[in-house]
Amino acid sequence: DDSKANPFPSLPDPLVLDNGVKVTTPEMWWKLRRPEIVEDFDREIYGRMPLNTPSVTWEVTGVLRTNEYGVPVITKTLVGRVDNSMDPQITVNIDLTLTTPVDAKTPVPVMMQLAFKLPPALMARFRRMYPDHSTPWQKLVLAKGWGYAVLIPTSVQADYGSGLTAGIIGLCNRGRPRRLDDWGALRAWAWGASRALDYFQTDPAVDAKRVGIEGHSRYGKAALVAMACDPRFAIAYISSSGEGGAKLLRRDFGEVVENLAAPGEYHWMAGNFLKYAGPMNAGDLPVDAHELIALCAPRPVFISGGATRGDGWTDAKGMFMAAAAAGPVYTLLGKRDLGTTNFPPIGAGLMSGDLAFRQHTEGHTDGPNWPYFLDFAQKYFATSAAN
């Protein structure tokens, strides 16, 4: 019942300092307000990344020349070997692939997806539950003359609570349990995405200033965190990210704070976050999703959701509301917001600004909005397919 979905309608103002002073200039945003918001997210929501994380050495383990969708390409299989000298019993190897057009005459933009790697039986079940008849996103990317990459976040950090003493989090803690403000899996996955971007900066086939990041569902959450935390990402496609991603945490619709704090999801978040599921509540949160989106400013962000049939859990309206509430930060920085605070009909995309939103007619899938996102990205990554 959407009429009951906003028990805490007052959101923290991204343009008011903690001392109550209004932010009126870009300089105040960058020097004063943005650091306050980052600190709140680090301490209370996603956790703090260690000041000194281990180095990553990238190794190309395979090179394949082939033809994909009529385009000659070269695909590199890479492993990012994380220095584990601080605890040799914990090994972290980051799984990444990079595909670029063979005939490109200059470095190309790359779209990187944070992807699931499920056993075949589970993947088949997922596809039956959420059928996607869209054109493969890789074909659409290659048609623009761009490249694409696929990162497996679970190679950085496991997607379950007992894995917190392993992976990059466990390695940095030398196998010990987390402190209350230590990072959770979402921040760790975002760290892994940044390490992939480190590699792209060394690959002559990639235009590292035009790398986009995309994720769906839980990886939509991680992609938004990565975009907010690493200014080197040029653009983001955030698909069906829900609570902990682009959806307002204060919304009581679909996935809620109590779900994030439950056994299946708590490892995504900082330990400090759990108290907002009780005795405190979502209204006590110092920040909300609109401020996470605002941390991406002034870079372009495309927020996507499916129809309520199969995707009601992610709360498309809550994601739209967060994007709209981030708008004042974009306008302060000389960019364009969504252009409206009225929730649009399904299929009516808002893509004229630097913040974009579209709810497609399908369920829990990112496929139907890939063409719209790539058209949105074209404005920023203008490059012909004949590169």
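Author: Two strands are said to pair if DSSP finds at least two bridges between them. Strands (E, at least two residues) and helices (H or I, at least four) are DSSP runs, numbered from the N terminus. The model is predicted, and local features need pLDDT of at least 70, side-chain atom pairs count only at pLDDT 80 or more, and totals for chains, interfaces and linings use all residues. Residues are numbered from 1 along each chain as its sequence is written, and side-chain values use heavy atoms, with hydrogens and water left out.

Strand S2 (residues 71-82) and strand S3 (residues 93-101) run antiparallel and are joined by 9 bridges. Within S3, Thr97 is the residue that Thr77 stands opposite. S3 also pairs with strand S5 (residues 147-152), again in the antiparallel sense, over 5 bridges. Here Thr97 stands opposite Val150 of S5.

S5 in turn pairs with S4 in the parallel sense, over 5 bridges. Met112 faces Ala149 of S5 in this arrangement. S4 is also joined to strand S6 (residues 206-216) by 6 bridges, and these two strands run parallel. Gln113 has Glu214 as its bridge partner in S6.

How many residues of S4 are buried? A residue is buried at under 20% relative accessible area, exposed at over 50%, and partly exposed in between (1.4 Å probe, protein chains only). In S4, 7 of the 7 residues are buried, so the strand is largely enclosed by the rest of the structure.

The loop between strand S4 (108-114) and helix H2 (120-129) contains Phe116. Phe116 counts as partly exposed because its relative accessibility is 30%. Together with Leu118 and Leu122, Phe116 forms a nonpolar patch on the surface, with about 230 Å² of accessible area in total. Patches consist of residues with over 30% relative accessible area and no salt bridge, where nonpolar side chains (Val, Leu, Ile, Met, Phe, Trp, Tyr) are joined within 5 Å and like charges within 9 Å. A salt bridge is a side-chain nitrogen of Lys or Arg within 4 Å of a carboxyl oxygen of Asp or Glu. Accessible areas come from the Shrake-Rupley method with a 1.4 Å probe, and for residues only the protein chains shown count as cover.

The aromatic rings come next. The structure holds 20 aromatic pairs. Rings of Phe, Tyr and Trp (its six-membered ring) pair if their centres lie within 6.5 Å; planes under 30 degrees apart count as stacked, over 60 as edge-to-face and the rest as tilted. Phe41 and Tyr46 are stacked, because their ring centres are 5.8 Å apart and their planes lie at 15°. Phe41 is buried, with a relative accessible area of 4%, and Tyr46 is buried at 5%. Trp58 and Tyr199 form a tilted pair, because their ring centres are 6.0 Å apart and their planes lie at 50°. Trp58 belongs to strand S1 (residues 56-68) and Tyr199 to helix H5 (residues 185-200), so this pair ties together parts that are 141 residues apart in sequence. Both Trp58 and Tyr199 are buried. One aromatic cluster has among its members Trp137, Tyr148, Tyr237 and Phe302.

Charges also sit over rings, which requires NZ of Lys or CZ of Arg within 6 Å of the ring centre and within 35 degrees of the ring normal. Lys144 lies over the face of Trp146, 5.8 Å from the ring centre. The charged end of Arg358 sits over the ring of Tyr372, at 3.6 Å from its centre.
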